[in-house]
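Hi there,

Have the viewer open while you read, if you can.

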Amino acid sequence: MSNVVGILSISIPRIAVLLNIFLFATLLTAKKNNAVRFLMLLLASFVLWTGGSAFMRSNSFPGVAFWWHVSLIGLFLVPYFYFLVACGFTENRGLISKLLFGIGTVVLTLLNLKDVFLTVPEFVLNDGVSVISYSATSFALIPVVFYAIVMIYSWIILIREVKKKGLPSRYIKPFVVGILILAAGVVADLIPFFNSMPMDTLACAINALCIYIAFSRKRLYPKDQVLSNGATFVVAIIITAILIDPIGLLLSKIFGESLNTTKEYFILIICCAVISVLLFLGLNVLRNKLFIKDKNKKEDLLKQFSSDVNNSLNQNEILNSFLELINNEIPVDDLNICMMDEEDGAFKTVSGLNSLEEPLVISANTPLIDYLRKKKQGTQYSDFETSNEYRSMWEKEKELFSRINASYILPFATDTEIMGFAVFCRSSVEKEYGYDEINFLESVAAVAAIALKNAKLYTALEKEAQLDTLTNLYNRRYFNKRLNETVNNNALSPVSLVLFNLDDMSLYNELYGNDEGDKLIIRFSEILSSVFGSKGTIARWGGKEFAALLPLTDSITADQLAHRVKEQMQLQLDEEIEKTKKFMSFSAGVCTYPAVASNANQLVSYANMAVFNIKQNGKAQILIYDNNFSAKSKDNSDKLSEITATVYALTAAVDAKDHYTFNHSRAVSEYATKLARFAGYSDDFIECIRQAGLLHDIGKIGIPDSVLTKNGRLSDDEYTTMKKHPALSIEMVRHLPDLDYVIPAVIGHHERYDGKGYPRGLAGEEIPLSARCLAIADAFDAMVSKRCYKEKMPVETAISEILKNLGKQFDPELGRLFVEKIESGEIEVVDY
Amino acid sequence: MKFRDKLEKLSKKQIWDEYCSFLDLSMEDYMKIQFRLLKEQIDDYSQCFLGKRIMKNGVPHTINEFKENVPLTKYDDYQDILLEKREDALPKKPTTWLKTTWESGSRPEKWAPYTKEMLNVYSRNIISAMILSTSSRKGDFKVRSDAKVLYGLAPMPYATGLFPYLIEPEMDLQFMPSIKQARDMSFSTQNKEGFKQALKSGIDQFFGMTSVVYRITQNFDEMINSGSSDASAVFGMTPGMLCKIAKAKYIAKRDNKPIKPKDLFELDGFVCVGTDTALFKHDLEDAWGVRPLEIHGGTETACLATESWGKNGLVFFPDNAFYEFIPKDEMLRNEADPSYVPRTYFMDEVLPNEEYEIVITLFKGGAFMRYRPGDMYRCLRTKNETEGIDLPQFEYIDRVPSVIDIAGFTRFTEKSIASVLQLSNLPIGRWLAKKEYSEDKRSFMHMYVEVKSSAANSAFMSEQLILDCFSAYYRKYDHDYDDLKKLLGMDPTVVTVLPEGSISKYEEMRNCKLRTVNPTAADIINLMNSIGSTFGRREITLE
């Protein structure tokens, strides 16, 4: 029993001193503020206290008296340093009390060196156990009272400041636990059972650990900075040095007298070296677990984030990754990300953790942006409030940031610009972020900024590819994409399309040159932008054609807007000095989905039809393509009969060249017209198809007879020549302005639904509807009619051939309808 | 965070940067603040009844439109709204109203509304001034949260009375007398009580009206000798003060020289407000051992400007109001021809050594737009290279020439003087009034009066009788006139009698028309020479 007490009597102070040294060493490499400095002083005094006690109890060199005084110096300094720690922890200045208590402590410590309060201890045998004995003088009450005052005042400061600042209780709890354990340790010393075991030193070490934890909770030192490799090694050496004595004892016990001194020292050195290395490795593991783990975790997260965002060129994806990372790692009530809007330069909320009732809109000239531009790094909002820039903040801007509890602003900045920023909102008392968090945020923002910059460049390039270079309006490719998206996303809401076609543009170019023509186009595009603004999407559809896609707009409103364009154009023309330039006008066709057109293609076709209709009747009109459009068109019967005459004149020329082609054209026209009628298309469209059918092979006039009327299979060269006939047809038709509306059908009737056709290789619904009708009719007639190189094919075989090629060569819906009508006899097979 | 907490927790640099770094602004950044806050004010102003009336020519969208569309205003343009305190007609709801006299009592008291946001700026700027008052070099200052402050400024609802109320929530200053005590005291009693308390426990800072401070300074020795000999006064003194007084008395007796305030007080800061501060500055520095820092403002204008740590020229706060300056010649032209619209210049357009009348547009929901408070400033320099200040610094000259301001208490105008003369039934014909200074640098109004020939031979028509009669009636007309005599122990008026017709004769001779109020010094000298009279008071020095 006495051995155990003896070992404990020596071991407890050693354990205590080791713990204190360890905690002290961890802070050596940390960035120090006053609070951390005070904590280091307190830990140093703990080391003196416990260290002195340990060496005194082991009767180490130079003697008990020396270590007794060392221990007491530490003990006498503890209350004052504890008081300093309380001040530092609560950010209390208390200059006078610091001075008074400091003087008191110095005086008492010096007096103690003269043994004024306690006698130097001696080892005495108590029940066979060597215990330390000392006695207090009559003056001992003085330091007791003084230090009691210091400790009570320290606690007054702690409690008062914690209440005043509303600090969370978890900050203060370790202090409470620590002081209670310390008190228990001191009381335990007075109990006979613990008489020879210095429980106070053990309690002191535990108290040190508690205070250390409190500092860690309040983030008064960055965890990742504590205990470097060097410091860990020094700690290992110190611990080994302290352990030399017990190791020596242990070796003596194990080997007894069998070893001579040299061997004993040799083994001791080996043991110490091994223990040092093991301790170093063990401490490193401990360090990693306690301090570096968190840092490593953050580094890993940062790497992952960097990898995620660098693989993305989408701003939303990058910001979502950012939000997710911050939400998991940083305490925040809400986070709003504002990005610069390219159009007005304002910073607007694009995403956030919680959706705001009213999104933030911060104008580019807000002083906060200037401030961020200067700093180029995150800032506590409270720091911004003290700046000169804040003086020029508008009250409504101040109110806005105050309402959302803005606490930290993190810009996404490059060398040249602020692309956006994140507003961290915290309503808690602890609004400001600590060193670790700010460091992490800065790193994340730097990574995000690069990724956002790349995404921005990509978006700019993408946008550039969507724009027409002359007018800066969208180009046709992008417009078609938007058109399909809009129609698909608005199944029930109206979507209107307005197609504008500048009249007499060729004449204008011829009269004033292409540069003037370009200027006119630019001016017209500006009018469109001013009239339609954000109501829809405007595009340059072709050379002299423009399109406006208007979601949630009916045909009447679209028509009104088109008339406003007309008024605006007239206003501009009125300002023209050159009278000849005043003749410019445009024709516009309006059509609406789903009331009139049932899909995007029809919308375009019908709007086009309206434009064609105007062109056939003159120009400078705006026409709505509605369900009564065909009836209105009948008024144009005179015009139509003129066109029909032209068509027949052309077909007669074909007949003269190749009678078979003439019959074929008539049959194709017949089939296609009927198919269009059964498909429910408008009369105008049907008429267009009829004429296109008659003219679709008109280009064959230009094909040599040797090829056109050859018996047998065409060679590759001949087939290539034959494939030119759609292009030749266009060449002929385009010289007849009144018939130009049949061009899409004529040029596209050899296109295939799977994109393998010619001449342009269009696929699916890219192929004009009229051309898809013609393609079926053309193929069917080719199969069921006799040619010089083949016999008629049975109708059933032709039908099965069509069915087999649905979705490949033919439009599946139209093909199926055609087959159905042939089978039912509603479309009769033309025999010639 | 309140200022007291900042003093505890923040470094000097952080505090300086927050409150005094506006002195580091470049001219460009200063104007950026000015224009931005002007935009905010115009937006708010255009929404209210008063704004719509003042900006009846249209809401300005550019700075040129602001100059062209918004007229220069005087209190008459606001009186129907402000005298009635019609809060619904203002851009923002006021938190408090301050008052001042209007044309020496010839008109009702002027009221000016202050919004919460204006008071926030006011408070910050006052603290800036307090920090600067304790500073002798950039970044260094000595402000104590619990400093003892001798407070010698007019109480609420005058503008200066607002200082303690604004500072109280921010700091634990011990005002002498306390705000509570001062509330029930006259200004005169407040000053006496404050000084009594200062003698008992000492002071760290002194805020005062220059004329009052100067009066205290001049009579300091006498006040110490009478005050400290009173047993009851001695009883409440701290041992430190007792020692200081005893030591000062001993040295004064030994060296046969008067006791100066610096023998008893070691001021950290010294702030002076009011007319003629520049005139007394040197004497005050000599007496108190600290160079006073001048601040300037007014009831309608709030705290406009402060000096820097060099205490040598006012810098206007960038966030209090938008400033425009009318050059003196433009102002005189407008005075002669009220239909003429004088040109104004912005802060970045002023020239050194030019005199300007200031025009202000209050920020933060203030009521006054392009308002002429009637104060004249001289631009000392457009930048101060010694102190590294890139902003213009000014010296407050006085009120505009049509107003005679004596010691910051009483303002005489042609209208007020004429009214009093009429009331008094004095047989006065034509008269002139000019602000002049005595040898001991006190300002007074010198009246040159022509006694009508019918009464000229009367034995009663002496200069003293005219003065007594005029003073008696003026006291009734304007109570501040009475305060002046009580507080400063001086008669603010001096009378010189001229033969009837002498002014007209002089005008004919010179073929000019003399200004009734503040004619030029040269005109006065020539007039007096022309009538063969010696100067009324030889000790008088003209401006």
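Let me begin in chain B, where strand S6 (residues 269–273) and strand S7 (residues 293–298) pair in the parallel sense over 3 bridges. In that pairing, B:Val273 stands opposite B:Ile295 of S7(B). Please keep in mind throughout that this is a predicted model.

The link between these two strands is worth a look on screen. S6(B), helix H16 (residues 277–288) of chain B and S7(B) together make a right-handed β-α-β unit.

Strand S8 (residues 302–307) of chain B runs antiparallel to S7(B), and 4 bridges join the two. Here B:Ile295 stands opposite B:Thr306 of S8(B). A hairpin of 3 residues takes the chain from S7(B) to S8(B).

How many of the 6 residues of S7(B) are buried? The count is 6 of 6. In a regular strand, side chains alternate between the two faces of the sheet. For S7(B), both faces are covered: B:Leu293, B:Ile295 and B:Gly297 are buried on one side, and B:Glu294, B:His296 and B:Gly298 are buried on the other.

Now chain B as a whole. Its secondary structure comes to 23 helices and 19 strands. Of its 543 residues, 46% are buried. Among the contacts in chain B between residues at least 6 apart in sequence, 66% join residues at least 24 apart.

On confidence, the mean pLDDT of chain B is 87, with 93% of its residues reaching 70 or more. Residues 533–543 of chain B are another matter, with pLDDT below 50; this stretch has 15 contacts in the model beyond near neighbours in sequence. Where pLDDT is low, the predicted coordinates should not be read in detail. For the complex, the predictor gives an ipTM of 0.82 and a pTM of 0.62.

One glycine in chain B may interest you: B:Gly429, which lies in strand S17 (residues 428–437). Is B:Gly429 buried or partly exposed? With 18 other C-beta atoms within 10 Å, B:Gly429 is partly exposed, because burial takes 20 or more. Setting aside neighbours within four places in sequence, B:Gly429 is in contact with B:Glu450, B:Lys452 and B:Glu500. The C-alpha atoms of B:Gly429 and B:Leu498 are separated by 9.8 Å, and these residues are 69 apart along the chain.

Chain A has a glycine to set beside that one. A:Gly699 sits in the loop between helix H24 (683–695) and helix H25 (705–708) of chain A. Why does A:Gly699 count as buried? A:Gly699 has 22 C-beta neighbours inside 10 Å, so it passes the cut-off of 20. Leaving aside neighbours within four places in sequence, the contacts of A:Gly699 are A:His725, A:Pro726, A:Ala727, A:Leu728, A:Ser729 and A:Met732.

Next, the sheets of chain A. An open sheet of 6 strands has the order S5-S4-S3-S8-S7-S6, with antiparallel pairing. Its edge strands are S5 (361–362) and S6 (379–380) of chain A, each of which pairs on one side only. Helix H10 (residues 315–329) of chain A packs on this sheet, touching S3 and strand S4 (347–352), and its direction makes about 60° with that of S4(A). Within the sheet, strand S3 (residues 334–340) and strand S8 (residues 418–425) of chain A pair in the antiparallel sense over 6 bridges. The bridge partner of A:Ile337 in S8(A) is A:Ala422.

A further open sheet in chain A has 5 strands in the order S10-S11-S9-S12-S13, with mixed pairing. Strand S10 (537–540) and strand S13 (622–625) of chain A are its edges, each pairing on one side only. Neighbouring strands of this sheet are turned by 15° against each other on average, direction ignored. Strand S9 (residues 495–502) and strand S11 (residues 545–551) of chain A pair in the antiparallel sense over 7 bridges, and A:Phe500 stands opposite A:Phe546 of S11(A).

Last, the place where the chains meet: 8 residues of chain A are in contact with 17 residues of chain B. By class, the chain A side of this contact has 1 nonpolar, 3 polar and 4 charged residues.

Methods: Residues numbered from 1 in each chain as written. Chains lettered and ligands numbered in written order. Predicted model: local features only at pLDDT ≥ 70, side-chain atom pairs only at ≥ 80, totals over all residues. Pairing = 2+ DSSP bridges. Contact = placed C-beta atoms within 7 Å. Axes fitted to C-alpha atoms, helices over the stretch in contact; angles between N-to-C directions. Nonpolar A, V, L, I, M, F, W, Y, C, P; charged D, E, K, R; others polar. Buried ≥ 20, exposed ≤ 12 C-beta atoms within 10 Å, placed from the backbone. Right-handed = clockwise from strand over helix to strand, strands pointing away. pLDDT = per-residue confidence, 0-100.
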